[in-house]
There are 2 protein chains.
Amino acid sequence: MDKKTIILGLAGFGTVGTGLARIIQENGEWIERRTGKKLVIKKILVRDLSKVRPFIPGPEAILTDNVQDLLSDPEIDIVVELMGGLETALELIRRSFEKGKHVVTANKALLAEKGNELFALAHEKKLGLYYEASVAGGIPIVQTLKDSLAGNRITSITGILNGTANFILSEMTSKGQDFITALDAAREMGYAEADPTLDIEGMDAAHKLVILIRLAHGADYPLSILPVQGISGVKAMDIALAAEFGYVLKLIAQVREKSGHLQAGVFPALLPMDHILAKVDGPFNSILLKGNAVGPIMLYGQGAGDLPTGSAVLADIMTLGRDKAGINNTGFREKVLPRADIVEPDLAVYRHYFRMTALDKPGVLSAVSGVMGEHNISIAQAVQKPGPEGRDVPIVFLTHRAQLKAVYSALQVIDEFEFITAPTVHYRILK
Amino acid sequence: MDKKTIILGLAGFGTVGTGLARIIQENGEWIERRTGKKLVIKKILVRDLSKVRPFIPGPEAILTDNVQDLLSDPEIDIVVELMGGLETALELIRRSFEKGKHVVTANKALLAEKGNELFALAHEKKLGLYYEASVAGGIPIVQTLKDSLAGNRITSITGILNGTANFILSEMTSKGQDFITALDAAREMGYAEADPTLDIEGMDAAHKLVILIRLAHGADYPLSILPVQGISGVKAMDIALAAEFGYVLKLIAQVREKSGHLQAGVFPALLPMDHILAKVDGPFNSILLKGNAVGPIMLYGQGAGDLPTGSAVLADIMTLGRDKAGINNTGFREKVLPRADIVEPDLAVYRHYFRMTALDKPGVLSAVSGVMGEHNISIAQAVQKPGPEGRDVPIVFLTHRAQLKAVYSALQVIDEFEFITAPTVHYRILK
């Protein structure tokens with residue numbers, strides 16, 4: 001933009017909005033030194049005008065509960081959408097574009113669901129739709145994929161993208177807690193929301209993964225067909241057993257490219273303890289990328305929080321606000337990105353961890369390993385643990401690489417055996 | 001740039017130049033999809049035309065040993081300086097600017113020494129001088145500081161910026177090797193040059209640190225006054241002792257900001273084994289940043305090599321090549337960045353590791369700890385190891401936080417004691 005003052009309209013003034021306002025106040029002179037621009041928050045759309053606010057950005061900012069006050073203000077250059085939710089946010093962004101305003105958003109769910117429509121609209125209007133804050137908080141993964149690694153073909157992305165889930169798994173690992181106790185701890189620390197479903201069931205990570213796939217591959221992977229598995233079923237026992245074998249359990253979002261086809265999903269997986277993502281603990285996020293030129297690259301930082309996420313929103317505002325800023329929303333030039341060429345998820349090949357629960361009687365190990373052999377699943381390690389009075393004996397198998405499809409059909413057969421007393425637990429192992 | 005084909009002139013065609021040419025060939029269609037631009041290497045300046053080249057980028061590229069062929073070609077949009085060295089490269093860049101050409105360079109020594117002059121010249125001519133490849137190879141640290149974290153005040157940068165030194169220290173640590181053996185291994189693996197002085201004496205890391213300070217703080221820290229200590233004096237014994245105490249020795253480049261003043265230096269230091277940089281092994285680089293909004297952020301990747309460094313050069317070319325690309329060379333708007341406000345390096349406060357070598361006789365520990373007390377150095381741990389026949393007994397002290405100044409004067413006194421049989425070894429400990 002060729003003006004000296006960039007006028008912002010904030011829609012939503014919760015954690016991230018307040019964080020953004022604080023940073024702009026605290027670092028305002030610095031921002032001006034960097035960009036030659038003054039950032040002014042002129043209007044803030046809130047739901048409840050009567051709510052007491054811990055922080056208001058200067059006397060010039062006007063709080064309003066009427067969206068028209070933002071949209072119809074011709075001075076506002078950038079609408080910063082921090083409301084969350086789908087319908088209202090979608091409508092706000094559409095109308096902001098109609099009014100010729102750029103949009104910065106942290107709304108991962110909306111971009112995952114309606115990204116194609118919104119990017120097409122932005123493309124048509126030649127406006128910015130920027131979203132660094134939507135993935136991994138303060139970690140600059142969006143710009144890294146859009147610009148810094150743009151000349152690479154990305155062959156894989158493996159991410160710990162949800163801080164709540166990672167905190168819970170870290171607590172379970174370090175303290176031997178069960179899921180519910182660790183979830184309560186996350187709530188107490190402010191890392192889990194009142195309704196943590198999106199975080200613990202993997203959907204939040206799925207939203208972010210769809211955004212990363214778009215940035216890395218220039219392709220739309222429909223959220224509705226992305227395989228997503230959360231961590232609410234994870235047992236302390238499997239975390240302890242994994243540790244015995246030298247692994248740690250993490251909620252992973254992954255996409256791998258094989259000759260132009262994409263394999264993607266969100267799932268809990270075992271990582272070897274010397275894996276670069278294995279030490280990412282607590283509420284932190286981290287993303288390991290591999291590019292055909294750059295090789296492996298890893299980024300690490302806080303995936304949430306007022307200031308880290310505010311920092312990412314601010315980066316977008318500053319990028320859009322620079323003189324002669326070209327618009328680069330998706331990292332590609334097409335108005336609409338093509339649908340991803342998707343590999344049937346069950347064809348993906350991994351190493352695997354199984355924990356069977358069986359009666360302690362002769363022939364069990366032989367029957368189970370026989371079924372695995374029939375399904376071409378080669379066993380790398382098998383350990384039978386002592387169980388209570390010969391019942392519910394845990395048997396752990398670590399396998400060599402095998403297709404998920406083979407794993408699923410083997411497990412179907414195995415879990416039908418009368419000596420198997422509980423459904424078999426299965427996790428993938430990343431290398 | 002508003003043209004569909006970006007014409008490049010390469011100056012230098014060694015490892016990185018060849019890597020860049022390979023990536024452009026391999027990923028050319030992808031680059032076009034991303035930017036709408038075709039990248040063409042038109043001319044390549046080499047020293048020796050008769051040398052057999054493993055790779056030539058298509059029939060259209062002309063090799064020449066005459067710099068005029070690059071400079072006087074009006075079609076060339078970007079000169080890519082990959083020659084290294086100071087004088088010739090400086091001259092080439094100056095003259096490229098005179099001819100109105102943008103410059104992309106990987107030349108950290110030149111930018112550290114002559115950055116201020118070159119950035120001023122680029123500013124005057126409104127031309128790009130981009131240098132992502134100059135620091136940490138493929139890791140996008142330059143763009144991260146220039147754009148993604150631009151709204152942050154950076155409070156500290158702690159980096160492992162030299163892959164050769166890190167490889168040597170990793171070998172010494174994992175195999176108990178002495179410095180010379182590990183250096184030979186680095187040479188054998190192609191990680192050390194014939195003359196490894198710049199790498200092992202810390203100057204290469206110092207060049208990169210000066211560039212990072214400029215990007216993070218908008219200030220010029222003269223290379224000539226940056227305290228730099230390398231690793232050629234590191235003994236296997238100290239690495240082993242550090243490990244006993246739970247630390248690992250790394251060559252660290254660091255800048256810390258205290259109320260607008262900068263403390264910076266390159267030095268070997270002990271990191272706790274659970275420090276996020278402690279696991280950065282072999283030829284990898286990593287940078288841990290702290291921003292006043294984003295908190296801690298870590299980037300990790302390959303700090304050298306044909307394709308990773310080529311990937312960084314390519315990122316710069318693509319950024320400059322985009323339509324309506326604004327120029328952002330330093331991340332600040334000033335023509336000349338001010339000199340950094342520098343804290344006297346000896347005033348820096350760290351925890352410390354000392355290894356004294358002493359005769360095994362009564363009163364030694366008391367005399368030494370007495371001197372430390374007089375210098376306000378508080379001891380956290382002290383261990384006396386058995387030595388050969390009561391001579392050359394190693395005594396290790398780990399201290400609480402103390403000023404370097406106090407440490408240096410205490411060591412001066414201690415090393416004068418007649419029972420001290422060798423100069424005391426001292427490293428800082430990072431937390």
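In the predicted model, Val104(B) stands opposite Tyr130(B), a residue of strand S6(B). These residues belong to a parallel pairing in which two bridges join strand S5 (residues 102–105) of chain B to S6(B). The sheet concerned is open and consists of six strands of chain B, arranged in the order S3-S2-S1-S4-S5-S6 with parallel pairing. Its edges are formed by strand S3 (62–64) and strand S6 (129–130) of chain B, each of which pairs on one side only.

Two helices of chain B pack on this sheet. H1(B) touches strand S1 (5–11) and strand S2 (38–45) of chain B, and its direction makes about 160 degrees with that of S2(B). H11(B) touches S1, S2, strand S4 (78–81), S5 and S6 of chain B, and its direction makes about 160 degrees with that of S5(B).

The contact between the chains involves 49 residues from chain A and 49 residues from chain B. On the side of chain B that touches chain A, two or more residues each come from helix H1 (15–35), helix H5 (141–148), strand S11 (295–302) and helix H11 (306–321) of chain B. That side comprises 21 nonpolar, 19 polar and nine charged residues. Because 100% of the interface residues of chain B are also interface residues in chain A, the copies meet through the same surface. Strand pairing also crosses between the chains: strand S11 (residues 295–302) of chain A and S11(B) are antiparallel and share five bridges. In this pairing, Ile297(A) has Gly301(B) as its bridge partner.

Helix H5 (residues 141–148) of chain A is mostly covered, with eight of its eight residues buried. Among them are Lys146(A) and Asp147(A), as well as Ile141(A), Val142(A) and Leu145(A). The cover over the buried residues of H5(A) includes helix H9 (203–217), strand S10 (284–291) and S11 of chain A, together with H5 and H11 of chain B.

The largest nonpolar core contains 271 residues, and those with the most contacts inside it are Leu209(A) and Leu209(B). Apart from neighbours within four places in sequence, Leu209(A) is in contact with Leu161(A), Leu226(A), Ala253(A), Val255(A), Ala264(A) and Val266(A). In soluble globular proteins, nonpolar side chains tend to be buried together.

How values were computed:
Residues are numbered from 1 along each chain as its sequence is written. Chains are lettered from A and ligands numbered from 1 in the order in which they are written. This is a predicted model: local features need pLDDT of at least 70, side-chain atom pairs count only at pLDDT 80 or more; totals for chains, interfaces and linings use all residues. Two residues are in contact if their C-beta atoms, placed from the backbone, lie within 7 Å. Helices (H or I, at least four residues) and strands (E, at least two) are DSSP runs, numbered from the N terminus. Ala, Val, Leu, Ile, Met, Phe, Trp, Tyr, Cys and Pro count as nonpolar, Asp, Glu, Lys and Arg as charged, and the others, Gly among them, as polar. Two strands pair if DSSP finds at least two bridges between them. A nonpolar core is a set of buried Ala, Val, Leu, Ile, Met, Phe, Trp, Tyr and Cys residues joined through C-beta atoms within 7 Å. A residue is buried if 20 or more other C-beta atoms lie within 10 Å of its own, exposed if 12 or fewer, and partly exposed in between; C-beta atoms are placed from the backbone. Axes are lines fitted to C-alpha atoms, for helices over the stretch in contact, and angles run from 0 to 180 degrees between N-to-C directions.
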